[in-house]
Amino acid sequence: MKMQVIACNQLSLELGGSRVLDGVTFCVDEGDFVGIVGPNGGGKTTLLRVMLGIQTFDSGKVSVFGKPPGQSPEKIGYVPQRLFFDRSFPISVRELVLMGRLPKKSVFERYNAVDRACADEAMHLAGLETLMERRIGNLSGGELQRVLVARALAGKPELLLLDEPTSSIDPEMKTTIYDLMAHLRARLKGNLTMVLVSHDTETISHYVTKMVNLNVTLNLLQGFENH
Amino acid sequence: MLHEILAFDFMRNALIAALLSSIACGIIGSYVVVKKIGFISGGIAHTAFGGIGLSYYLGINPLSGIIPFSLAAAMIIGVLGKKAHVAEDTAIGTLWAIGMAVGVIFIGITPGYAPDLFSYLFGNILTVPTFDLWMILLLDVLIVALVWLFNKEFLAISFDEEYAEVSGLPTMGLYLLMLALIALTVVIMVRVVGIVMVIALLTIPAALARTFSRSLPRMMLVAVLLSALFSIAGLLLSFLLDIASGATIILVAGLTFFGVHAWQWITALMKKR
């Protein structure tokens with residue numbers, strides 16, 4: 001039997017007086033590629049934050065790797081929306097990707113040869129060979145997106161959580177980032193579980209194996225299995 | 001000329017103070033700039049004025065009075081900013097004014113005249129006693145050691161605090177530690193440029209250094225050098241022209257800052273043509 005990676009049961013939460021998530025129930029098994037879709041403002045990112053353990057919730061039960069959310073950082077790779085940090089920050093691609101090793105290191109511990117090798121491998125997987133020493137301010141949106149994927153991969157995660165990877169990216173890169181996801185799944189076989197949040201139901205339906213639909217107007221949860 | 005200047009004891013102390021304070025200033029200033037917490041740092045600095053007033057009242061060395069006061073200010077501002085249900089800038093602005101008010105009241109109820117109050121507000125690097133130099137050195141060592149120990153964690157919370165938290169780092173504790181280091185840097189720099197102008201010298205060298213740096217450690221190194229350059233140039237100018245040293249240092253730094261930006265703007269304009 002496949003291991004259950006995420007179990008979410010009757011999850012509800014309110015933010016600023018309005019009910020963002022209402023009785024959300026779904027599960028993610030090992031090796032799944034799950035797409036969470038819904039309209040903008042439909043609580044997709046909030047749901048992702050709950051799974052990451054950085055958003056509290058009112059009721060329901062959520063477990064990630066059999067523990068409460070936030071208790072297994074070393075098993076999770078997180079690819080945030082790229083808009084939330086400063087592009088003028090003095091940091092190179094290599095250093096940014098190395099940050100993906102943080103969950104595996106204790107405080108005071110310095111990055112060693114193993115960490116550097118993992119970062120190198122992740123940069124190769126994401127096709128960043130020629131950009132390793134580049135300062136992040138000089139990257140295109142699509143390149144930066146791949147850097148964030150590489151950072152998540154550097155920690156050798158068992159679960160990859162991606163927040164709106166297509167948003168505000170040029171049409172050409174849009175396919176490329178999904179092709180990268182498909183490529184990763186093929187390379188890492190069933191060892192990598194992926195959960196992707198997006199409002200672009202049409203595009204991701206070609207890639208995911210399972211879809212979770214957060215439809216606020218119907219308060220319904222629909223799912224389908226892709227074979 | 002330099003030989004003559006160095007013949008004065010007070011000038012030697014002033015130069016040493018300028019160099020030592022530049023170390024903390026460049027390193028911590030870089031965090032202030034990349035994490036965009038200039039206003040928070042200004043709040044810590046001004047709240048620390050309460051510590052100076054308290055020191056006058058108790059009759060102790062003001063530098064030792066500022067340390068606990070600015071550390072407490074850093075913790076309160078850090079916690080209020082993250083947890084309180086008021087806007088962060090409101091919380092900081094309020095504490096900023098309360099700290100100053102406490103300082104003014106303590107100085108008011110202290111009998112007699114407050115001798116070098118002005119030098120704590122606006123700095124007077126020419127009157128740094130040797131005891132303070134040792135204290136500055138000690139704080140420098142502490143700051144450098146902690147930054148060395150926590151460099152990957154500080155980089156992570158400066159770059160993307162949410163990602164750092166997801167990675168399992170104790171981000172709140174690290175953030176408070178960073179604010180504590182800012183508080184100690186403020187203490188060091190009070191002697192050089194004074195409470196009111198600390199924030200300028202903390203941010204200008206680092207902001208300039210960012211333009212030329214590809215990594216945070218490089219930015220810190222350049223910021224330390226620039227800070228030393230500004231302090232020494234300002235010190236010598238103030239000596240030669242017989243004007244206030246703290247204000248001269250700030251003017252040298254500020255004018256360089258605007259000069260560099262004007263130059264960049266002009267060259268960018270020329271390229272466009």
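Chain A brings 31 residues to its contact with chain B, and chain B brings 27 residues in return. Please keep in mind that this is a predicted model. Between them the two chains bury about 2700 Å², with 65% of that area on carbon and sulfur atoms. On the chain A side, Phe89(A), Leu102(A) and Arg110(A) lose the most area to chain B, and together they make up 23% of what that side buries.

**Polar and charged links across the interface**

- Four salt bridges are counted between chain A and chain B.
- Here is one to look up in the viewer: Asp86(A) pairs with Lys36(B) in a salt bridge, where the closest N and O atoms are 3.1 Å apart.
- Twelve residue pairs are in polar contact across the interface of chain A and chain B, both partners being at pLDDT 80 or more.
- Helix H1 (44-52), helix H2 (93-98) and helix H4 (141-154) of chain A are the elements that give two or more residues to the side touching chain B.
- Sorted by class, that side of chain A holds 18 nonpolar, four polar and nine charged residues.

**A closer look at Lys105(A)**

- You will find Lys105(A) in the loop that runs between H2 and helix H3 (113-125) of chain A.
- Is this lysine buried or exposed? Lys105(A) counts as buried because its relative accessibility is 11%, under the 20% cut-off.
- The side chain of Lys105(A) makes a polar contact of 2.6 Å with the side chain of Asp115(A).
- A polar atom of the Lys105(A) side chain also lies 3.3 Å from the backbone oxygen of Arg110(A), a residue listed above for the area it loses to chain B.
- Leaving out residues up to four places away in sequence, Lys105(A) touches Arg110(A), Tyr111(A), Asn112(A) and Asp115(A), as well as Lys152(B) from the other chain.

**Nonpolar cores**

- In soluble globular proteins, nonpolar side chains tend to be buried together.
- The largest nonpolar core here has 132 residues, of which Val97(A), Ile28(B), Ile182(B) and Val193(B) touch the most other members.
- Helix H11 (residues 171-193) of chain B supplies the largest share of this core, with 15 residues.
- Setting aside neighbours within four places in sequence, Ile28(B) is in contact with Ile143(B), Val147(B), Leu181(B), Ile182(B) and Thr185(B).
- There is also a second, separate core of 31 residues, and among its members are Leu11(A), Ile76(A), Tyr78(A) and Leu159(A).

Notes:
Residues numbered from 1 in each chain as written. Chains lettered and ligands numbered in written order. Predicted model: local features only at pLDDT ≥ 70, side-chain atom pairs only at ≥ 80, totals over all residues. Heavy atoms only, no water. Contact = heavy atoms within 4.5 Å. Buried area = accessible area lost by both parts, 1.4 Å probe. Salt bridge = Lys/Arg side-chain N within 4 Å of Asp/Glu carboxyl O. Polar contact = N/O pair within 3.5 Å; in protein donor to acceptor, adjacent residues only side chain to side chain. Helix = DSSP H or I, 4+ residues; strand = E, 2+ residues; numbered from the N terminus. Nonpolar A, V, L, I, M, F, W, Y, C, P; charged D, E, K, R; others polar. Buried < 20%, exposed > 50% of the residue type's maximum accessible area, 1.4 Å probe, protein only. Core = buried A, V, L, I, M, F, W, Y, C linked by side-chain atoms within 4.5 Å.
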